Amino acid sequence: MERDSVDECFVRELVGDRYPDLAGLEIRRVPSGWDNQLWRLGDELVVRLPMTERAPSLLRKEFRWLPGLAGRLPLPVPTPRFLNEPDARFPRPWTLANWVPGEPADGVEVTDAARSVANLAGFLRALHRPAPADAPTDEGRGGPIATATGDFEGLLAGVTEAVDVPRVRRVWDEAVAAPRWTGPPVWLHADLHPANVVVADGAVCGIVDFGDLCAGDPAVDLAAAWKLLPQGSDAGFFDAYGGADEATVCRARGRAVLKALVLVSVGQAWDRGLPGGQPTWGRAGHRILERVFASAA
């Protein structure tokens with residue numbers, strides 16, 4: 001089913017078929033990411049409709065693991081309440097999840113640095129527990145940073161005119177050369193960037209989109225020190241998080257640079273009218289690079 005064929009009437013009928021008691025709630029479209037179209041249902045729920053081939057497996061993964069993790073996390077997350085199997089009306093599984101209030105951080109400023117540092121560090125400290133043996137894995141996201149070298153080179157080649165290539169490469173090379181993570185694989189959100197974090201009153205107040213949840217190196221998530229927080233907040237963040245050694249911080253910088261290149265590339269696609277572009281992502285990517293360069297100076 002195409003995105004353009006889904007409207008308020010369709011979503012109301014879809015929900016009403018399965019949950020007649022919810023059919024009278026207000027339904028409205030809200031900003032969505034790559035894989036799922038989101039419709040807010042009343043004040044407390046969100047309908048997540050997968051729109052890509054990979055999206056159903058991500059929804060099923062969230063439904064399998066996130067409810068068990070959510071209870072120990074100190075920030076609100078979109079815990080799925082119901083998983084609905086495909087039928088004649090909608091050909092993919094879809095979920096009803098808790099709505100996480102706030103505005104996506106790619107569109108608003110994080111201005112309350114102290115509260116955001118405390119909230120984000122506390123969230124990641126709670127999340128980063130050793131994962132069970134059957135936890136999902138993703139070598140590119142949670143494995144050694146060197147496994148992403150091909151992605152880094154491809155992204156950098158596409159944005160060479162927009163970024164400081166020598167400084168980007170220096171941060172990346174240092175991260176790749178840093179000692180690997182030798183601790184147990186820990187639970188990771190694995191996709192912390194401004195569009196997956198919500199803000200209220202200037203502070204990080206919720207984390208969304210756990211589709212890439214996996215086990216691996218905590219440096220993947222700790223890159224949020226530069227991806228999400230105001231410049232100069234990284235030292236306080238790592239103090240609040242506790243236990244991150246120099247090698248982990250170095251790998252985290254490299255992960256931040258890698259995500260920045262993704263965001264700059266997506267922003268360029270928007271500027272050029274190409275598919276897959278997002279209007280706010282380019283600026284977010286450049287701000288990440290500024291923070292990383294300031295930290296690594």
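How many bridges join S3 to strand S5 (residues 94-98), and in which sense do the two strands run? There are 4 bridges between S3 and S5, and the strands run antiparallel. The legends below describe a predicted model, in which local features need pLDDT of at least 70 and side-chain atom pairs count only at pLDDT 80 or more, while totals for chains, interfaces and linings use all residues. Residues are numbered from 1 along each chain as its sequence is written, and side-chain values use heavy atoms, with hydrogens and water left out.

**View 1. The open sheet of 5 strands has the order S1-S2-S3-S5-S4, with antiparallel pairing.** Strands here are DSSP runs of E with at least two residues, helices are runs of H or I with at least four residues, and both are numbered from the N terminus; two strands pair if DSSP finds at least two bridges between them. Strand S1 (27-30) and strand S4 (80-84) stand at the edges with a single partner strand each, so one side of each is left without a neighbour in the sheet. From one strand to the next the twist averages 25 degrees, where axes are lines fitted to C-alpha atoms, for helices over the stretch in contact, and angles run from 0 to 180 degrees between N-to-C directions. S1 is joined to S2 by 4 bridges in an antiparallel arrangement, and isoleucine 27 stands opposite leucine 41 in S2. Helix H1 (residues 8-18) packs on the sheet, touching S1, S2, S3, S4 and S5, and its direction makes about 105 degrees with that of S3; contact means heavy atoms within 4.5 Å. Helix H2 (residues 55-70) lies across S2, S3, S4 and S5 and runs at about 140 degrees to S4.

**View 2. Strand S3 (residues 45-50) is largely enclosed by the rest of the structure, because 6 of its 6 residues are buried.** Buried means under 20% relative accessible area, exposed over 50%, and partly exposed in between, using a 1.4 Å probe and protein chains only. Leu45, Val47 and Leu49 point one way from S3, whereas Val46, Arg48 and Pro50 point the other way. In a regular strand the side chains alternate between the two faces of the sheet. Strand S2 (residues 36-41) and S3 run antiparallel and are joined by 6 bridges, with arginine 48 of S3 as the bridge partner of leucine 38. Arginine 48 also has a bridge partner in S5, namely threonine 95. The hairpin of S2 and S3 has 3 residues between the strands, and glycine 42 in this hairpin takes a positive phi near 65 degrees.

**View 3. Helix H6 (residues 165-177) has buried residues on one side, and these are Val168, Val171, Trp172 and Ala175.** They cover an arc of only 95 degrees around the axis, which puts them on the same side of H6; the arc is that of the directions from the helix axis to the C-beta atoms. These buried residues pack against helix H5 (149-158), H10 and helix H11 (281-296), while the face turned away from the buried side carries the exposed residues Pro166 and Ala177.

View 4. S6 and strand S8 (residues 197-200) pair over 2 bridges in the antiparallel sense, and valine 198 in S8 is the bridge partner of proline 104.

View 5. Most residues other than glycine have a negative phi.
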